[in-house]
Amino acid sequence: MAETLVSAWGKGRDALKAAGVASPVLDARLLLEKAAGIGRTTIITDPHQTLTQDAWAAFEALIERRRAREPVSHILGRKAFWTLEFEVSSAVLAPRPETEFVVEAVLAETHKDAALSILDFGSGSGAILLSLLAMRPLATGLGIDVSDAAVAVAKANAEALGLSSRARFEVGSWDEKLSGRFDVIVSNPPYIASGDIAGLDPEVRDYEPRLALDGGADGLDAYRALAPAIKDLLASGGVAALEFGMGQADAVAGLLETVSLEPVRLIQDLGGRPRVWVARHAQGPDCKSLQAGKKTLGNNGSQR
Ligand SMILES: C[S@@+](CC[C@H](N)C(=O)[O-])C[C@H]1O[C@@H](n2cnc3c(N)ncnc32)[C@H](O)[C@@H]1O
């Protein structure tokens, strides 16, 4: 008997559940939508629609990939982040919800009409930089990533989102000297300790690029390189926002302080875990007004 949308959904869900997938109901639905070429509401409004042989075969193949723990975002080739949708592939980390706190932190520190220059170190899919450019229509940005495949994905995302006139993505490393000054510097660098990678979920360990994960012996290698680079490249009165991993808040703050950057605000994720440091030049002209919590960038000194 031919499968219907609802029977296929149920079989896919059961297969994923048996494989230990954490969200079998949602994942099976998303894969069914892709295989059947249907939109989000069709399964609800027309659940007994029969599946063609081709769609059923395609669905079975997608379920097999997910059973092997390939992330749904990689199978679909896209991931929602902030208010946008990004193309993703095995070349880039699929952007995570917790990274939205980096975006939020910068938005809280800057004025919506500011003509900001933004630097994103380790830009991956371009998620952070492009989300900021979408929210700050007069801003321009540069994304740097050591992976040329990641840079290609970020450029494609900039194009697809209509932001390519304000976003540049280049292959490079935070170890290399860049010139100029930026009002905003953001980064979500690799921060997993090398020895912890083997214990990660298979979705991350086996499918996300190692370059996006491996932070060296203690997970802090990138911050050691980023702190002096940020100090040199951050404009006077500028703001940096850095994501970090579990238990790294104090160490990252210490690395910022050794180069006279001042960690001024610690942001926690929805689980209450410290996630993002907002930092400024310790001796910068805006320190006083920042401490008062009033000053915003790019607004000629007026208040938010
Ligand atoms: C955790 S991922 C973050 C990607 C993206 N910013 C996001 O938040 O979704 C870290 C990124 O840093 C890049 N990366 C690793 N080492 C780097 C280096 N030395 N210089 C620049 N980028 C680097 C990786 O290729 C990867 O894209």
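A crossing of two helices is right-handed if the near helix is turned clockwise from the far one by less than a right angle, and left-handed if anticlockwise. The exercises below apply this and related terms to a predicted model.

**Exercise 1.** Determine how helix H1 is oriented relative to H4, and which residues form their contact.

*Solution.*
1. Helix H1 covers residues 5-18, and its axis lies 10 Å from that of H4, at an angle of about 20°.
2. Angles under 35 degrees count as roughly parallel; H1 and H4 are therefore roughly parallel to each other.
3. The crossing in which H1 passes H4 is right-handed.
4. On the H1 side, the contact is made by Ala8, Gly12, Ala15 and Leu16; H4 contributes Trp56, Phe59, Ile63, Arg66 and Arg67.
5. By class, the contact of H1 with H4 comprises six nonpolar residues, one polar and two charged.

**Exercise 2.** Classify the packing of H2 against H4 by angle, handedness and residue class.

*Solution.*
1. Helix H2 spans residues 24-36 and helix H4 residues 53-67; their axes come within 8 Å and cross at roughly 140°.
2. Because of this angle, H2 is oblique to H4.
3. H2 passes H4 in a crossing that is right-handed.
4. From H2, the residues Asp27, Leu31, Leu32, Lys34, Ala35 and Ala36 meet Ala55, Ala58, Phe59, Leu62, Ile63 and Arg66 of H4.
5. The contact of H2 with H4 contains nine nonpolar and three charged residues, with no polar ones.

How values were computed: Residues are numbered from 1 along each chain as its sequence is written. This is a predicted model: local features need pLDDT of at least 70, side-chain atom pairs count only at pLDDT 80 or more; totals for chains, interfaces and linings use all residues. Axes are lines fitted to C-alpha atoms, for helices over the stretch in contact, and angles run from 0 to 180 degrees between N-to-C directions. Helices (H or I, at least four residues) and strands (E, at least two) are DSSP runs, numbered from the N terminus. Angles under 35 degrees count as roughly parallel, over 145 as roughly antiparallel, 65 to 115 as roughly perpendicular and the rest as oblique. Two residues are in contact if their C-beta atoms, placed from the backbone, lie within 7 Å. Ala, Val, Leu, Ile, Met, Phe, Trp, Tyr, Cys and Pro count as nonpolar, Asp, Glu, Lys and Arg as charged, and the others, Gly among them, as polar.
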